[in-house]
Amino acid sequence: MKHLLGIENLNRDQIMNILETAVSFDEINQRQIKKVPTLKGKTIINFFAEPSTRTRMSFEVAEKRLSADTYNIAVSGSAIEKGETLSDTALNLQAMQPDAMIIRHSVAGTPQLLAEIMDCSIINAGDGFREHPTQALLDAFTIWQKKGKLEGLRIALLGDIYHSRVARSNIYLLTKMGCDVVISGPGTMIPKEIEKMGVTVEKRPVDAVKGADAVMMLRVQNERASNLLYPDVREYAKFFCLTPELLKYAKNDAIVMHPGPANRGVEIDDVVMDGERSVVLTQVANGVSVRMAVLYLLLGGSEK
Amino acid sequence: MKMIIKNGTLVNPAKKEKKKTAIVIENGLITDITDNPDETGAKVVNADGMIVAPGFIDIHVHFRDPGYEHKEDIHTGLMAAAAGGFTSVCTMPNTNPVADNIETIRYMLERATGGNGVKLYPVAAASKGLKGEGLAPIGELKEGGAIAVSDDGKPIKNTDLLKRVMEYGSSFDMKYISHSEDTYLAEGGQMNEGFYSTIYGMTGIPVVGEASQIARDCMMAEYLDLPVHIAHVSCAMSVDVIRHYKKKGVKVTAETAPHYLTLTDQAVGGFDTNTKINPPLRSENDRLVLIEAVKSGLIDAIATDHAPHHQREKEVEFNNAPFGIIGLETALPIVLKLYHEGHLTIERVVELFTAGYSIMGVKGGVIEKGAPADVTIFDTDYQWTVDKNMFCSKSSNTPFHGFHVKGSVFATIVDGKVVYSREF
């Protein structure tokens, strides 16, 4: 495997391999000294053409713990802002011979475009509404860690599925691993024919949450309210927020997940967010381990 | 100079003819159709195994001239037309300046006169500046040589203006060509809304936005008892609407493009911006319904919507790429796919490429004594691979690069002059 462009083209074995590899990095991340020399001498570019705090930071931490040399590019201040095309920017970066580039971009398919024109490994850190593979991997790792398995679990995904790359990558991954995936959200946020991805669509969140082993909330993008997706935050919260009452319908030991950034009081109630079932911060911690595993598998083996 | 095309099969849908015969061309006209021509002093073209057809017309092309000559100009556009077997083309008005004034129409016709001979018929803007606000000077545009009006590339959102365009245009027999799209529904859209837009994570363009506007325009045609032509029909829902109004006797004609008959929205999965088209590639069901519609005659014509864009404009992130693909030089072999698959007879193929003459009220589309010698000679079995680097067009934005196809243009003749030939 040279690139990680999405979960779509991964098989079960490849997914399990990443998760199992992440276990050993998780162990490293518990140590006093968290740095290993695995990727010493490797050059990694973090190219985030869209705002990101968590993912960019998580990748950078993962890279540095593996001793890689890392460089960050933000679009503001870069040549792209001066009118250079992305392809030209990519070719210029390629000329500096990086080993990998992490790319976040608002346009679906851009990581694939870069993989076609650059020689280095490309890791998709989110493209449009399409995929966010490392997020799905860290989510799966978290569920696996907490539940001891993935197969046969019932996972509810709630909220803005339409605009969510996290949802798509998770649906690919969880259905491949034999989970029963149920989604729910306002009608405007359920993309057409999504049931063909192997999920069940429930109109009412309560029907999706019923009997769930994990409830995964998706961020509502406040800025999209003007796009006729929902009337206002108040109404959204009234019908689609994960409240303690709604969570009661899930299994007693169900975990609550959120990829962040969360809108407290909109899609997730404070009590639930901070409650004992919430694994939101565990997800963040696991993100580093999983990204270390991905980087190791893509870059570490090449010289052996 | 006398020319004889012999040994070919004449396919002449306007006369319901299909027979092996020879045609004689003198002084730019067809002077005889005979099995035993006098070959003395004549240039003889052996069309053995070939189809000899009335010259094709493409009623929907964008030649980008004036204004965007880096994409295409009138001369290269006409060369691409000739290579595709087209002896006539109708150019859309979204140039810069927009073809909403007589000077621009005259410029286009003048440029075409210096070209290879392929006939150019400009379609003028329906509204001033394609802004959808006020009427373009349709009478004067007709005087300058325009044959119809359209705001192609954009719909006329204002239904009152649509009514005025059709009413006012009727004084000059200027038909309205409808680019049917609900821009509210298409806002931000990159591809067809459906399963594939869901998994590719792109904003979709729903079929209902096309079909509902076709319905509106057909209703207006019915109400005013005036004709309307529907450009680039791409989906089953639109076919249903057209069927309804045709049955009622409304004067509606419609075209579709080769790519809607052969590709689907699944093709967008490689994120190749040469699959980004408006209207977008639709679902497999839409494609199958369209094939039935071109077969049955519900859709009258095939037009390419040839829309050249420079490579550097297309080699960008998907959302940043402009809509449109070129089509003149691949149209025939792509449509012949449907012939080889048994969907269309060769007569119907020729009819689909020549129906545009009557739709646009332009002379041509028949081989008969005394008619201008506009002839397309092609074969159905010549195998080749589409290579985007080999086009006459200035642009290479085709989704068919690398496709193995069967059938090709052997020669294109306009007014008795060979404007393109594969071998002679």
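Below is a short chat about the domains, core and chain contacts of this predicted model.

Q: Let's start with chain B. What does its domain assignment give?
A: Two domains: domain 1 is 2-51 + 371-421, and domain 2 is 55-360.

Q: How far apart are the C-alpha centres of those two domains of chain B?
A: The centres of domain 1 and domain 2 of chain B lie 25 Å apart.

Q: And how many residues are in contact there, on each side?
A: On the domain 1 side of chain B there are 31 residues, in contact with 44 residues of domain 2 of chain B.

Q: Which elements of domain 1 give two or more residues to that side?
A: Strand 18 (375-385), strand 19 (404-414) and strand 20 (417-421) of chain B. Strand 19 of chain B gives the most, with seven residues.

Q: Switching to the largest nonpolar core: which residues have the most contacts inside it?
A: V215(A) and V149(B), in a core of 229 residues. Helix 11 (residues 280-299) of chain A brings the largest share of this core, ten residues.

Q: What does V149(B) touch, leaving out residues up to four places away in sequence?
A: Its partners include V123(B), I138(B), V165(B), M174(B) and Y176(B).

Q: OK, now the two chains. How many residues are in contact between chain A and chain B?
A: 22 residues of chain A are in contact with 16 of chain B.

Q: Which element gives the largest share of the chain A side?
A: Helix 4 of chain A, with three residues. By class, the chain A side that touches chain B divides into eight nonpolar, seven polar and seven charged residues.

Definitions and conventions: Residues numbered from 1 in each chain as written. Chains lettered and ligands numbered in written order. Predicted model: local features only at pLDDT ≥ 70, side-chain atom pairs only at ≥ 80, totals over all residues. Domains from an automatic or database assignment. Contact = placed C-beta atoms within 7 Å. Helix = DSSP H or I, 4+ residues; strand = E, 2+ residues; numbered from the N terminus. Core = buried A, V, L, I, M, F, W, Y, C linked by C-beta atoms within 7 Å. Buried ≥ 20, exposed ≤ 12 C-beta atoms within 10 Å, placed from the backbone. Nonpolar A, V, L, I, M, F, W, Y, C, P; charged D, E, K, R; others polar.
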